[in-house]
Amino acid sequence: MESIVFWGFNLYAWITIVTVLTMFTVLLCTKIRSDLVFLGAIAILFVTGVLNAKEAFSGFSSTSVVIIGVLFVVVAGLTHTGVLQWIVKHLLGQPKTYSKAVVRLMLPVATLSSFLSNTTVVALFVGIVKMWSKKLNISPSKLLIPLSYASGMGGVCTLIGTPPNLIISGLYEEKTGVAMNILATTIPGLFCLAIGVLSIIAMRRLLPDRKAPESAFESTGDYTVELQVPSDNPYIGKTLGEAGLYHVNGGSLIGMYHFDNTPLSLTEDEPLMGGDHLIYAGQIDELIDMAVSHQLVSSDHHIFSMNEVDKDSQLRTAYVDFGSRLIGKKIGGSTFEKDNNMTLAAVARRSERIDQAPREVVLQAGDTLLLVCPKNVNLSTSALERDLHFFDSDDVPNIGIGTLISTTIMIAMVALSALGVMPLLQCAFIAAAAMLIFRCCNAEQAMKAINWDILMVFAGSVVLGVAIQKTGIAERLAFGILDVCGTNPIVVMTAICLVGTFITEFISNTAAGAMFFPIMYEAAEKLGYEPYPFLIALMVSVSSSFATPIGSPTHMLVYGPGGYRFSDFMRIGLLMNFIILAANILIVNIIYPLTPLP
């Protein structure tokens, strides 16, 4: 099979190319879980003989993947002892200008993201920033994109700050036997961060000024709510006008239908029947008061008595995530409410009123949902977290001696690794064990913190890199780039980093790092230079995705709360991509001068 060559690639190489392209197409165009997609790609490469058993499962034993898994436990200890909350409370302050607010926000976020999961940091800060923006009288949309950008640029500053750094450094160590220092990317990362902060301030006019989605639940006419008439309602038999349900405070009646879905005319003379559905648009607090006074109930199923309604309930706001299984579906007719013990009360989309029943709205990514939940409902189930993101959680850890202990453990881990006392993997294991021994988190919290889906993606990314290198694809692409760009190493470095930056707008940055590692490595060697500086530049590039909300999980986290549109990221993000690329190439070549191979 290897003897069959077409356009310079053998059959195994073409199988790999088709598998990779198919995998990325599936990730972009479907809602299939990414870990299953990567597992399927590994299976194809193994079954077709592209990879042997050892190579196909090499990702699961990769040092960098193991480190990522162990670091989840370390982060759990920091989270449950309130380290992040303490930092947020003491660092944001009350800046007087937008420029100072951006600096006060981006620097702490970037610092935290250098050692912790970017997603964890942004998830914590989103709710804080929204409240903070109200105090500063600044639209949240002016601060949430900088928040997400800061987490990405901060993650680049250390090897443990973002998975691509660990993947690329791990592959480099396997190739050369030389381990990268945990702070290898610190100076380039800090320089790019400084340029990024200044760029955000200079381009502030390109950031959208949008209303927060929750304002849709505060302004008349910006949301819809569906109510139902129980069979024992005292107003049955009266007309809408007589019952006081046609003209209501804080809203208006926009739809009505019988229990059998027969639509009814919207007139004051329309009589009420048990099971009727009434759809209102208006102000949530006043409509809830009206529903209570007229003994109406939320319309998730037919209620026969007001006694069936749970009095011990609460309203929670959630945002529909990208990749959610709810996208393109209606809550009505599904088992979502029953399965999760909650009821959909209202839907808003970019603060705009939706003139139809909430349970009949076809949901989109970024939609804001107002849900009625029991006060003791568990909002952290894996099924819910995959579809919705709640930002108003009451689960706030206490700050105390555990906060100091977990911080000390984290600092010791970084210091021991940076000083070369012991390898990062050993440091991470000791830190994770210390978190458990000193009760910064318990065993259940530690196991729950390990995201096995993400680890599968990381392992799959490593295997893809192995296949791309083994089949000669990396070498052919490296030669192709040299043919186009010539033999100037800085031009070649820039070209590969440019492609990597834009590829990572659409695929996982971990996958991009693993895919471009062999290409960058081969190109550097073909030019006769030590690959180290080329790979440092690649680390920064594959984590510099600013132009699309799907380019990073942190962008997805702020997309809904900021009330953004897809184009909002492109307006400022495309310029940011080129600015950070230029800063990256400049600083890497200053800090790590190109060295010819011996």
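A residue counts as buried under 20% relative accessible area, as exposed over 50%, and as partly exposed in between. These classes are used throughout the account below. The model is predicted.

The protein has 24 helices and eleven strands. Of its 598 residues, 55% are buried. The accessible surface comes to about 25,200 Å². Carbon and sulfur atoms account for 62% of that surface. Contacts between residues at least 6 apart in sequence were also examined, and 78% of them join residues at least 24 apart.

The largest nonpolar core has 140 residues. The residues with the most contacts inside this core are Leu105, Phe125, Leu147, Tyr149, Ile160, Met413 and Leu535. Helix α21, residues 509–527, supplies the largest share of the core, with twelve residues. Another core lies apart from the largest one and has 18 residues. Among its members are Leu326, Ile331, Val361 and Leu384.

Ile160 illustrates the packing in the largest core. Neighbours within four places in sequence are left aside here. Ile160 is then in contact with Leu71, Ser114, Phe115, Leu166, Ile182, Met410, Met413, Val414 and Leu424. Of these partners, Met413 is itself listed with Ile160 among the residues with the most contacts inside the core.

Thr16 has a relative accessible area of 0%, so it is buried. Residues up to four places away in sequence are again not counted. Thr16 touches Leu45, Val50, Ala467, Ile468, Thr471 and Ile473.

The structure holds zero disulfides. A disulfide is a covalent bond between the sulfur atoms of two cysteines. Two cysteines show the distances involved. For Cys157, the nearest cysteine sulfur is that of Cys192, 8.4 Å away. The cut-off for a disulfide is 2.5 Å between sulfur atoms. Cys157 is therefore in no disulfide. Its relative accessible area is 3%, so Cys157 is buried. For Cys441, the nearest cysteine sulfur belongs to Cys440 and is 6.9 Å away. Cys441 is likewise in no disulfide. Cys441 is buried, with a relative accessible area of 3%.

The salt-bridge count comes to one. The side chains of Glu55 and Lys470 form this bridge, with an N to O distance of 2.8 Å. Glu55 lies in helix α3, residues 53–56, and Lys470 lies in helix α18, residues 452–470. The pair therefore ties together parts that are 415 residues apart in sequence. Lys470 has 44% relative accessibility, so this residue counts as partly exposed.

Phe57 and Gly460 are 403 residues apart in sequence. Their C-alpha atoms are 8.6 Å apart in space. The place of Phe57 is in the loop between α3 and α4, the latter spanning residues 63–80. Phe57 is partly exposed, with a relative accessible area of 45%.

Phe57 also belongs to a nonpolar surface patch of about 670 Å². Phe46 is found in helix α2, which runs over residues 34–47. The relative accessible area of Phe46 is 36%, so this residue is partly exposed. A patch residue needs over 30% relative accessible area.

Asn137 has phi near 60°, a positive value in a residue other than glycine. Asn137 is found in the loop between α7, residues 118–136, and α8, residues 141–155. At 73% relative accessibility, Asn137 counts as exposed. Gln295 has a positive phi of about 55°, although Gln295 is not a glycine. Gln295 is found in the loop between α12, residues 284–293, and β7, residues 297–298. Its relative accessible area is 30%, so Gln295 is partly exposed.

Methods
Residues numbered from 1 in each chain as written. Predicted model: local features only at pLDDT ≥ 70, side-chain atom pairs only at ≥ 80, totals over all residues. Heavy atoms only, no water. Patch = residues over 30% accessible without salt bridge, like charges linked within 9 Å, V, L, I, M, F, W, Y side chains within 5 Å. Areas by Shrake-Rupley, 256 points an atom, 1.4 Å probe, with all protein chains shown as cover. Salt bridge = Lys/Arg side-chain N within 4 Å of Asp/Glu carboxyl O. Helix = DSSP H or I, 4+ residues; strand = E, 2+ residues; numbered from the N terminus. Buried < 20%, exposed > 50% of the residue type's maximum accessible area, 1.4 Å probe, protein only. Contact = heavy atoms within 4.5 Å. Core = buried A, V, L, I, M, F, W, Y, C linked by side-chain atoms within 4.5 Å.
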